[in-house]
Amino acid sequence: MKRAWNIYKGNNPYSYSFSAALRRAWEVEKATLEYEAREARKTTIEAENAARSTRIGNASVAWAVGAAAYYSNARPGQYFGD
């Protein structure tokens, strides 16, 4: 309601009537809520991606260590069936 009053009293194209100012204030409020929801979702996805990359990084290091141990005692030309 305060935003609508400020729009109504200000010099902009939405201040012709108080009902138009209310409609505009509601549009702005909805857009703000949608923006905040998108930002929250984006932050959540970024946190999940950071956690996932850490897990993948740890797994790839563990895999490399395991692979090095598996192939370390190979004879020249030995076939492992991979």
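Hi everyone, let's start with a pair of side chains: Glu27 and Arg24 meet in a salt bridge, at 3.6 Å from N to O. Keep in mind that this is a predicted model. So why does that contact count as a salt bridge? Because the cut-off is a Lys or Arg side-chain nitrogen within 4 Å of a carboxyl oxygen of Asp or Glu, and 3.6 Å is the value for Glu27 and Arg24.

Now, where do these two sit? Both Glu27 and Arg24 are in helix α2, three residues apart, which is about one turn of the helix. As for the surface, Glu27 is partly exposed at 44% relative accessibility, and Arg24 is partly exposed too, at 28%.

How many salt bridges does the structure hold? There are three, so let me show you the others.

Next up is Lys42, which pairs with Glu39; their closest N and O atoms lie 3.7 Å apart. Lys42 has 42% relative accessibility, so it counts as partly exposed. Glu39, with a relative accessible area of 27%, is partly exposed as well.

Finally, have a look at Arg3 and Glu29. They form a salt bridge whose closest N and O atoms are 3.6 Å apart. This pair links distant parts of the chain: Arg3 belongs to helix α1 (residues 2–9), Glu29 to helix α2 (residues 18–71), and they are 26 residues apart. Are these two buried or partly exposed? Arg3 comes out partly exposed, at 38% relative accessibility, and Glu29 is partly exposed at 31%.

Terms used: Residues numbered from 1 in each chain as written. Predicted model: local features only at pLDDT ≥ 70, side-chain atom pairs only at ≥ 80, totals over all residues. Heavy atoms only, no water. Helix = DSSP H or I, 4+ residues; strand = E, 2+ residues; numbered from the N terminus. Buried < 20%, exposed > 50% of the residue type's maximum accessible area, 1.4 Å probe, protein only.
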